[in-house]
Amino acid sequence: MTNGQRLALGATGLAMGLLAGGFSFLSWERADQLAGVISALVTVAALGVSVWAALAGPGGSSIRVSNTGTASATGGGRANSGAITSVPPGTVTVEGTGEARADGGSANTGYEQR
């Protein structure tokens, strides 16, 4: 669980506790009215957040490749001095990668997406 997830879970628990405590001091009719208003506001907020998330699209993670060594491939082999991933990244930073050599194979230095 990430820190952001812990924060969201804690804030949700705190909000539920505050609402439960507040409702306990109200009459049933007044608590019912207030719960209806709060429910409508939370529904609109949830809809807005879900539309925002859908429009933002997949963010992808950040990939950094730096100071890699030398890689060699011979006889149809494959050499990689860096990173190979199938996930589309948000950003890629490549610095100071090593040398990749191929004799009858394929070589990659830096970053490759499959």
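These legends accompany several close-up views of a predicted model.

**View 1. A nonpolar patch on the surface involves Leu47, Val51 and Leu55.**
Let us look at one member of the trio, leucine 55, which sits in helix H2 (residues 28-56). Leucine 55 counts as exposed because its relative accessibility is 74%, and the cut-off for that class is over 50%.

**View 2. Arginine 64 and glutamate 95 join two strands through a salt bridge.**
The whole structure holds 3 salt bridges, and here we visit the one between the side chains of arginine 64 and glutamate 95, with an N to O distance of 2.9 Å. Distant parts of the chain are linked by this pair: arginine 64 belongs to strand S1 (residues 62-66) and glutamate 95 to strand S4 (residues 91-95), 31 residues apart. How exposed are the two partners? Arginine 64 counts as exposed, at 57% relative accessibility, whereas glutamate 95, at 40%, counts as partly exposed.

**View 3. Arginine 78 meets glutamate 112 in a salt bridge.**
In this view the side chains come together at 2.7 Å, N to O. Again the pair links distant parts of the chain, with arginine 78 in strand S3 (residues 78-85) and glutamate 112 in strand S6 (residues 106-113), 34 residues apart. Arginine 78 counts as partly exposed, with 43% relative accessibility. Glutamate 112 is partly exposed as well, with a relative accessible area of 22%; the class begins where buried ends, and buried means under 20%.

**View 4. Glutamate 99 and arginine 101 form a salt bridge.**
The closest N and O atoms of glutamate 99 and arginine 101 are 2.5 Å apart. Side chains of opposite charge can pair when their charged atoms come close. Glutamate 99 counts as partly exposed at 42% relative accessibility, and arginine 101 counts as partly exposed at 44%.

**View 5. Strand S2 alternates its side chains and pairs with strand S5.**
Within S5, aspartate 103 stands opposite threonine 74.

Key. Residues numbered from 1 in each chain as written. Predicted model: local features only at pLDDT ≥ 70, side-chain atom pairs only at ≥ 80, totals over all residues. Heavy atoms only, no water. Patch = residues over 30% accessible without salt bridge, like charges linked within 9 Å, V, L, I, M, F, W, Y side chains within 5 Å. Areas by Shrake-Rupley, 256 points an atom, 1.4 Å probe, with all protein chains shown as cover. Salt bridge = Lys/Arg side-chain N within 4 Å of Asp/Glu carboxyl O. Helix = DSSP H or I, 4+ residues; strand = E, 2+ residues; numbered from the N terminus. Buried < 20%, exposed > 50% of the residue type's maximum accessible area, 1.4 Å probe, protein only. Pairing = 2+ DSSP bridges.
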